[in-house]
Amino acid sequence: MSLSVRDPATSLLAPGAGPRTLHFAVVPAPAAGARLAVSLHEYLASGAPDPATLATIQVPLGGANEATVHLQLPSIGFYLLDARLLAANGRVIAQRRVNLAAIPPRSALGPPDFGVGATFDHGPYAPHVLLSIIRNAGFSWIRGELPWAEIERRPGVFSFPSQFGSALDLASRMGIKSLVLLDYGNAHAYPSLFKTDNAFPLTSAARQKFVQYVAAVVKRYGGQVNEWEIWNEPHFKEIGYHAYVALLEDVYPVIKRLAPSSGVVSCGGDWGGNPIDACIDAILKAGALDDQDGFSIHPYMFPAAPEVGYAGVGVPVTPVNITTVWPYLGRLIADNPKSNGRPLQLWVSEIGWPSAPRSPGQNTVTQAAYLLRTYLLSRRYAVARGVFWYDLIDNGTDPDDKESNFGLLRADLSPKPAFAAAAVLAATLERRAWRAALIDTPQTKVFEYGRRDPVIAGWTVGGERVVHLTLPAGTYVQRDWDGRQRRVAASNGQIDWKLGPLPRYLLPATTP
């Protein structure tokens, strides 16, 4: 016997508080007399569900295989729904615990540096469903992929996935910008040039075929794509930087000729976890400065926190974390303008932490906390053009496999705390630039963003502590990670503020 929620994008992820309708499917249909008992719980500031029950609802099934539950969500926030299918004698015959996110309603596009990875040509969810979720959550960029072997299955014959094209078209009409990967070899169409579909084009003949694929894709989608990223995490120790530079030199002029307004992003994230190893340094030394508009990194550092990172060996900065890498790359960009005077752009085209409960030190709460701190720290250094969270949806359901658990949403589209946290952060921070550090120690961060209607964000790197702030006298709104809020008064301009690893915010009471 199983319970599942139908139409999760509508019932579990809808913006705004108030009434919510959930449709449960029961397979197989239970015997007569069965009923569905549902309890609703809020989440605490710590990220744990509140044991106290907000509401209890019982729905008789009468032998049917579905039940409709009507809820009233009291405010923006993150909720747990504990649904139990009871037999006529009260025995539990099936149970389903599912999360609901009541995220802030959004009319305008989200912050310009908020991006997320998304796959549109695989999986059961239509592009309009995923893009609506992405936009509602406050992301203004998407990152997708068009592997060569899927585009050119026979030499010279290019076939384009309809789902992907529909997604790009819809995203463009919604105002969502796109960064698209062009990558990998094509052993299927060109077995004499590539041993596998992941092989890098190391010869002039292989590069020529790759450029033909790039030209075909850019001709098809050039008007809808804002940035083209060349390759995903190249293995430079195997191919050498010279091979990548040769490919970049061939590809760059073709893209700029076919889509002059779009950008070309080098490095493809490279290193797969060591952002200072260092692709951009090497290809600049090789003379490829003008064969790119920007470069990308994938600074994974789990299970470490974004302020902590890991020890770098033989690299320009250590430890490797956001507080060291972003400033280093900012200086590199400032010192290496292109010949036309324009600066290179930094793209964090993948970063993320898994939520797998069996991964050491990782769970849904740490994932939400590290997401918030990643975006807040990145905005503090103001060097990354875009930060793309990897990933929108889990790749699987195995809790022992961390690669299956990077999503903001589970595979069934039910939200994790990180999804609600991202939406609240986007609605709170918007375009506000970092202004000042009120507290900046290894263990505590309190930053102010924006001059008019400022927002103060605060968190600890570990444990809870109370910090003392001196602010302009008045009334403030304290907003938690999931959007729940209450008013607090600055007594003579003084506030004692309790912080933990999940950031929370202080806003003047008049700030939207």
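Modeller: Let us begin at the end of a helix: just after α2, Gly138 takes a positive phi of about 100 degrees. Helices (H or I, at least four residues) and strands (E, at least two) are DSSP runs, numbered from the N terminus. This is a predicted model, in which local features need pLDDT of at least 70 and side-chain atom pairs count only at pLDDT 80 or more, while totals for chains, interfaces and linings use all residues. Residues are numbered from 1 along each chain as its sequence is written, and side-chain values use heavy atoms, with hydrogens and water left out.

Biologist: Which residues of helix α2 are buried?

Modeller: Buried means under 20% relative accessible area, exposed over 50%, and partly exposed in between (1.4 Å probe, protein chains only). In helix α2 (residues 127–136), the buried residues are Pro127, Leu130, Leu131, Ile133, Ile134 and Arg135. Their cover includes α1 (8–11), β8 (114–117), β9 (141–145), α4 and α11; contact here means heavy atoms within 4.5 Å.

Biologist: How should I read a helix in general, and what is the case for α9?

Modeller: An α-helix has 3.6 residues a turn, so residues three or four places apart point the same way. The expected span of a helix is 1.5 Å times one less than its number of residues. Helix α9 (residues 322–335) has 14 residues and reaches 20 Å from its first C-alpha to its last, close to the 20 Å expected. Its buried residues are Ile322, Thr324, Val325, Trp326, Tyr328, Leu329, Leu332 and Ile333. The elements that cover these buried residues of α9 include α8, β13 (294–297), β14 (345–351), α10 (364–381) and β15 (384–389).

Biologist: Where is Arg373 found, and is Arg373 buried or exposed?

Modeller: Arg373 belongs to helix α10. With 0% relative accessibility, Arg373 counts as buried. Neighbours within four places in sequence aside, Arg373 is in contact with Ala305, Pro306, Glu307, Trp459, Thr460, Val461, Pro501 and Pro503.

Biologist: How many disulfides does the chain have?

Modeller: A disulfide is a covalent bond between the sulfur atoms of two cysteines. The rule applied is a pair of cysteine sulfur atoms within 2.5 Å, and by this rule the count comes to 1 disulfide. Cys267 and Cys279 form it, with their sulfur atoms 2.1 Å apart. The angle about the S-S bond is -90 degrees, and the link of Cys267 and Cys279 is left-handed. Cys267 lies in the loop between β12 (263–266) and α8 (279–285), and Cys279 lies in helix α8, so the pair ties together parts that are 12 residues apart in sequence. Cys267 counts as buried at 0% relative accessibility, and Cys279 is buried with a relative accessible area of 0%.

Biologist: How many salt bridges are there, and what does the one between Asp412 and Arg96 tie together?

Modeller: Side chains of opposite charge can pair when their charged atoms come close. A salt bridge is a side-chain nitrogen of Lys or Arg within 4 Å of a carboxyl oxygen of Asp or Glu, and the count by this rule comes to 20 salt bridges. One of them joins the side chains of Asp412 and Arg96 (2.4 Å, N to O). Asp412 lies in the loop between β15 and α11 (417–429) and Arg96 in strand β7 (residues 92–102), so the pair ties together parts that are 316 residues apart in sequence. Asp412 counts as partly exposed at 31% relative accessibility, whereas Arg96 is buried with a relative accessible area of 19%.

Biologist: Where do Arg173 and Asp169 lie?

Modeller: Both lie in helix α4 (residues 162–174), 4 residues apart, about one turn of the helix. The side chains of Arg173 and Asp169 meet in a salt bridge (3.1 Å, N to O). Arg173 is exposed, with a relative accessible area of 62%, and Asp169 counts as partly exposed at 32%.

Biologist: Are Arg484 and Asp482 buried or exposed?

Modeller: Arg484 and Asp482 are both buried. Salt bridges that share partners join Glu42, Asp482 and Arg484 into one network.

Biologist: What does the secondary structure of the chain come to?

Modeller: The chain has 11 helices and 23 strands. Buried residues make up 58% of its 512 residues.
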